[in-house]
Amino acid sequence: MSLSLETLGAGYGGIPVVQEVSLALAPGEILGMVGRNGVGKTTLVKAVAGLLPQVSGCVRLAGEEVTACAAHERALRGMGYVPQGRGIFPKLTVLENLRMGERIGGGHDPRHYDQVLEWFPRLRERLRQVAGTLSGGEQQMLSIGRVLIGKPSLLVLEPDGFSWKHSLS
């Protein structure tokens with residue numbers, strides 16, 4: 001699925017964080033954003049996903065404008081979103097978390113599970129385990145797997161915060 005942004009601007013409480021971002025991704029293309037903490041990576045991703053209102057510009061999925069669409073409407077149109085910090089349901093089992101992803105993709109399809117569990121075999125071993133007891137890496141696999149169960153046409157992963165130190169020597 002293609003994604004295009006035209007002069008997109010977003011921020012918090014009237015304070016602009018990203019301004020006039022334009023880009024176009026064709027189906028199958030991959031884009032990664034790199035930058036220090038606080039430069040707007042998460043703000044941009046949240047605006048694209050519909051979790052943060054845009055203050056200017058336009059978002060298009062497969063050529064269709066979705067700027068005014070809420071996050072759930074964008075998901076129903078094929079945008080999968082993996083939040084920062086995993087965003088799993090810690091009291092549900094791994095299998096129950098994966099089932100939550102079905103809601104977007106049109107229902108239960110065993111082939112979707114087979115594919116996700118092939119990509120993340122560790123989850124297959126832990127289907128009955130409570131998700132909150134998984135390791136951090138396993139929780140990240142679950143978060144991505146839950147979105148993939150819904151068979152999105154576009155996958156948007158929110159950047160995880162990390163410390164970046166640079167030496168000028």
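Student: How many bridges join E5 to E6, and in what sense do they run?
Tutor: Four bridges join the two strands, E5 and E6, which run parallel. Strands here are DSSP runs of E of at least two residues, helices are runs of H or I of at least four, and both are numbered from the N terminus. Two strands count as paired if DSSP finds at least two bridges between them.

Student: Before we go on, what sort of model is this?
Tutor: This is a predicted model, in which local features need pLDDT of at least 70 and side-chain atom pairs count only at pLDDT 80 or more, while totals for chains, interfaces and linings use all residues. Residues are numbered from 1 along each chain as its sequence is written, and side-chain values use heavy atoms, with hydrogens and water left out.

Student: Which residue is the bridge partner of Tyr81 in E6?
Tutor: Tyr81 has Val156 as its bridge partner. Along E6, Leu154 and Val156 point to one face and are buried, buried being under 20% relative accessible area with a 1.4 Å probe and protein chains only.

Student: What is the strand order in the open sheet?
Tutor: The order is E2-E1-E3-E4, with antiparallel pairing. E2 (15–25) and E4 (64–65) are at the edges with a single partner strand each, so one side of each has no neighbour in the sheet. Strand E1 (residues 3–12) pairs with E2 over seven bridges, and Leu5 stands opposite Leu23 in E2.

Student: Changing topic, what volume has the largest pocket?
Tutor: Its volume is about 540 Å³. A pocket is an open set of points on a 1 Å grid over the protein atoms alone, where a 1.4 Å probe fits, with protein on both sides within 12 Å along at least five of seven lines; lining residues have an atom within 4 Å of a point. The volume is the space filled by probe spheres set on the points, which are joined across faces, edges and corners.

Student: Which residues of its lining are closest to the centre?
Tutor: Of the 22 lining residues, Leu25, Leu31, Leu155, Val156 and Leu157 are the closest to the centre of the largest pocket. E6 gives the largest share of that lining, four residues.

Student: And the second largest pocket, what is its volume?
Tutor: The second largest pocket has a volume of about 390 Å³. Among the residues closest to its centre are Tyr81 and Val147.

Conventions: Buried means under 20% relative accessible area, exposed over 50%, partly exposed in between (1.4 Å probe, protein chains only).
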